[in-house]
Amino acid sequence: MTGAAGRSAPPAPDLDTPRYHVTGERNWINDPNGPLHHDGVYHLFFQANVHAPEWGPPSWGHVSSTDLVRWRRHPDALAPEPGRADADGCWSGCARIVDGRPVLYYTGVVGDGDDRVEAVCRATGSADLTAWAKDPDGPLVAGPPDGLDSGYHRDPFLWHDGREWQLILGSGTTTGERHGTVLRYSSHDAATWHYRGEFFAASREAGGIDLGEHWECPQLLDLGDLTVLLLSCQDPKAPRPLLHTVAYTGRITGGAFHAHGPPRLFDHGDALYAPAAAVDAAGRTLVWGWVQEPLAEHDRARAAKVGALTLPRVVDTDGAGLRVRPAPELEGLRTDLVRSGPVPDPAGAPGSVLCPAARQMEIEVAVERPRGRYGVRVELSPDGTRALTVAVDAEAVTVTGPAPDEGCRAPLDAADPAALRIYLDGSVVEVFAGDRVALTRRIHTTGTALGAVRAFAAHDGTRMDCAVWRLSATAVDEAPDEATGA
Ligand code: FRU
């Protein structure tokens, strides 16, 4: 229907669209690509399809920030080009400074299905990283090494080991019992690459986790005393879609990665996939993940934006193992402190009201002498029948909602402090429990009116302290570069 002036009515604002998480300009995004801290600016790229609310031949979207809170959108860094090795997509990869110049290493794709060729391609950037020139001579590595029984050969990740450049790719076997592999190449100039063999492989299942049929987006995190290999595990043929990321700790010897033991999930929710890591000027390892969109196709068509990137997480180690925490800069998202201090009577049913719920919120919970279960409930409908519940007991943290039987669970180490940090942004929920456990989920609210935020505890003696902030509703300044004169 068009109005009297001949124009369509503007679409109703999509209240579930995340506002302080990085999203695409419009339509679809998936993996974060090539995070890079350069000249005091954080650059973040991502797989983008602006043409439809679903995956399609991706370009590389680009945003940058000086504070990890406000981002500025730039023109796409890469787009598929007919006749080139990336004619059917500029798939994932990384960004590096090579001989003083910014360089993107990415997967150029030609063809589809079993005929698809996945090549390592390169583009060199201007000093401000906003203009990129692809190598005129075509891909650096045209496809899988001769005789390798895999069509998967993608998502280059590079590092310099003090002697030469190393490049790893995600792959998988295609005969026998299929399982993931990581392949390694090396080079003296980061341009001519020699295949060196398998960097890491594991059977289909380890530590009770299904590792899929092939691996994507391998990321190597050098955390000083620990080396971590992140692998995103996929099985396109599994009856239920399998997309999750595991973290192996281990070390590199003889050109291969040796795991110290079984992997653990990098995130215990059901939405994070394909995380990408960068080391900033302060030496911190920052990781962003893709927050997947579970909406059915017909709902996707109505969503303003499909897919988002997680908040930046600082990944490090404290001697007891891996820690994953939200970057401290995220305090800059806070606009109003809505309430803080002790919770009166959390043990009274159905919990103590803290404040009205909002769509952009951060909730911090500290607890003393917990006995039994405690947590926070955010009512997603005025009567509270639809709710997000974050509950902690001696063994685990669970995040359920919108229905009480839909949820995810992460085991907790008894030694972990039980403090919670919960970020809500439209349908995106990121929960951090203690210093080691993260759960990312998407919970669609459907209605326009929310209920209350409540804190609850099973036992009278549990002392809870909660702070709630409203958070900024703009992550990305959408002004195009030309308009700002940049
Ligand atoms: C991971 C992934 C990558 C690939 C990209 C394509 O989600 O499948 O392996 O490069 O997405 O968009």
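**A facing pair in a predicted model**

Leu183 stands opposite Glu198, a residue of strand β12. The model shown here is predicted.

Strand β11 covers residues 180-187 and pairs with β12. The two strands run in the antiparallel sense. Six bridges join them.

**The four-stranded sheet**

β11 and β12 belong to an open sheet of four strands. The order is β9-β10-β11-β12, and the pairing is antiparallel. Strands of a sheet pair through backbone hydrogen bonds, in a parallel or an antiparallel way.

Which strands stand at the edges? They are β9, residues 154-160, and β12, residues 194-201. Each has a single partner strand, so one side of each is left without a neighbour in the sheet. On average, neighbouring strands of this sheet are turned by 25 degrees against each other, direction ignored.

**Around the ligand**

The residues surrounding the ligand include Asn30, Asp31, Trp91, Ser92, Arg154 and Asp155. Also among them are Gln47, Trp55, Pro58, Glu216, Tyr273 and Trp290.

Several polar atoms lie by the ligand's oxygen atoms. A polar side-chain atom of Asn30 is 3.0 Å from a ligand oxygen. For Ser92, a polar backbone atom lies 3.0 Å from an oxygen atom of the ligand. For Asp155, an N or O atom in the side chain lies 2.6 Å from a ligand oxygen. How much of the ligand does the protein bury? Taken alone, the ligand exposes 320 Å², and the protein buries 93% of that.

**Cysteines without disulfides**

How many disulfides does the model have? The count is zero. A disulfide needs two cysteine sulfur atoms within 2.5 Å.

Take Cys121. The closest cysteine sulfur to its own is in Cys90, 7.6 Å away, which is too far for a bond. Cys121 has 5% relative accessibility, so it counts as buried.

Now take Cys217. Its sulfur has its closest cysteine sulfur in Cys94, at 11 Å, again too far for a bond. Cys217 is buried too, with a relative accessible area of 5%.

How values were computed:
Residues are numbered from 1 along each chain as its sequence is written. This is a predicted model: local features need pLDDT of at least 70, side-chain atom pairs count only at pLDDT 80 or more; totals for chains, interfaces and linings use all residues. Side-chain values use heavy atoms; hydrogens and water are left out. Two strands pair if DSSP finds at least two bridges between them. Axes are lines fitted to C-alpha atoms, for helices over the stretch in contact, and angles run from 0 to 180 degrees between N-to-C directions. Buried means under 20% relative accessible area, exposed over 50%, partly exposed in between (1.4 Å probe, protein chains only). A residue is near a molecule or strand if one of its heavy atoms lies within 4 Å of it. A polar contact is a pair of N or O atoms within 3.5 Å; within protein, one must be able to donate a hydrogen and the other to accept it, and residues adjacent in sequence count only if both atoms are side-chain atoms. Accessible areas come from the Shrake-Rupley method with a 1.4 Å probe; for residues, only the protein chains shown count as cover.
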